[in-house]
Amino acid sequence: MGSSPSRLYADQSTLRPEGQQPHLRIHAINIFVRDQDQSLRFYLDQLGFSLAGDIRLGTGERWVAVAPPDGSAVLSLVAPKPDSREYEFIGRPTQVVFVTENVVAKYGEWRKRGVRFQYAPRLKRIKYERQAPAQGSTDLSLPLGEQTPIWGGVFTHFKDLDGNSFALVSFDEESRAVEAQRRAAAAKLESERRAAQELEIAKQVQTRLFPQTLPPLRTLDYSGICIQARQVGGDYYDFLDLGRDRLGLVVGDISGKGIAAALLMANLQANLRSQCAVALDQPERFLQLVNRLFYENSTDTAYATLFFAEYDDRVRCLRYVNCGHLSALLFRYDGTLERLHSTCTVLGLFKEWDCSAGERPLCSGDTLALYTDGITESFNDAGEEFGEHRLIESLRRHREQASPVLIASIVDDVKRFSPHEQSDDITLIVAKCT
């Protein structure tokens, strides 16, 4: 009895760190009523509480619970049988105390809604002996030098439809604590709103980093897509106009997720586009420059897998460099499958870096697929991954479709296989030689 209300309130913030002790709190307080439906309407409509639960138990009994707008308290509205002992508890003082920072305002609000109060709010001031703070305590709830604390409170009581009575109170220090908590909650909401707004802006900016137009080619029908698991992500695809009827096709996957990966993705995209003039004659030198810039502008642990392909529209020839990325799938017109495996290590981990290029002639009817692991590692409820084999089956099944439709069909297959929330970015390029 030696602590002020604010001290009791403040003690709630000295919870043990998460993980040291199991969570413990009051689940609910029983309020005995005659009619659950009528009482429910009173608490929802007149007191402004929210519905916490309304279910039918296996025994056939109905469990109804309400909660005030703030805090975690729950009141169970129990309708006992008339011949039970609990029925005698209806219409008695409940010993439940509701705390607000402004009793007068709440009193006026509830009276207008027809709530019955036993008396108008009354003011009380009480002196109490403050206990010596524990060693190392940082309790600053009292002004420096105050030896005999005094706290004031405003009190009233009201009844529900069944005559159950409740206390409605506010304390000076409690009010300050409630107001401080409210300001902190408002600041948190504003911070979250700003963060969400900034993420939305970042998403719009990153969306503009993906290809907005497709350089026209006579012998290649191609398209790409990136579906991000979060607002922003680290997957990347691009189509680079290299000049002289040549097109660069790029798919990359940045290490990590979220904003950090998105920033690295933007850095990699800028490096590729700024250096792509070199790619026409020296694709290996082009990627060496990209690696050097990416290495110098990222942390020691940051890296990216990348598949870069240069397609010559005049002779239908594909030159490629696979930097530690998943093997590209090349479906030949006769139904055979070739995998374009890695030709060098990932970008960004090593300052001194070299690569080698592969080359494939393409024929009319050939289909090239570049993708990230968000497709093959999508999993179903049984924990099975979509896998490369299902991607191959999907490509075979839909290969006669135009590239945008083919991509949409593959994505639909992945989402049907993995209908739950997407866990990784899904990126895919399909190019069909015509």
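Helix 9 (residues 403–417) contains 15 residues and spans 21 Å from its first C-alpha to its last, close to the 21 Å expected at 1.5 Å a residue; the expected span is 1.5 Å times one less than the number of residues. The model is a predicted one, in which local features need pLDDT of at least 70, side-chain atom pairs count only at pLDDT 80 or more, and totals for chains, interfaces and linings use all residues. Residues are numbered from 1 along each chain as its sequence is written, and side-chain values use heavy atoms, with hydrogens and water left out.

**The chain as a whole**
- The secondary structure comes to nine helices and 19 strands, where helices (H or I, at least four residues) and strands (E, at least two) are DSSP runs numbered from the N terminus.
- Of the 434 residues, 45% count as buried; buried means under 20% relative accessible area, exposed over 50%, and partly exposed in between (1.4 Å probe, protein chains only).
- Among contacts (heavy atoms within 4.5 Å) between residues at least 6 apart in sequence, 68% join residues at least 24 apart.
- The chain has an accessible surface of about 23,900 Å², of which 51% belongs to carbon and sulfur atoms; the areas come from the Shrake-Rupley method with a 1.4 Å probe, and for residues only the protein chains shown count as cover.

- The buried residues of helix 9 are S403, L406, I407, S409, I410, V411, D413, V414 and F417.

**Residue D313**
- D313 lies in the loop between strand 13 (304–312) and strand 14 (317–323), and it counts as buried because its relative accessibility is 4%.
- The side chains of D313 and T219 are joined by a polar contact of 2.4 Å; such a contact is a pair of N or O atoms within 3.5 Å, and within protein one must be able to donate a hydrogen and the other to accept it, while residues adjacent in sequence count only if both atoms are side-chain atoms.
- Leaving aside residues up to four places away in sequence, D313 touches L217, R218, T219, L220 and D245.

**Residue G114**
- G114 is located in the loop between helix 3 (103–112) and strand 6 (116–117), and its relative accessibility of 45% is why G114 counts as partly exposed.
- G114 and Q46 stand 68 residues apart in sequence, and their C-alpha atoms are 7.0 Å apart in space.
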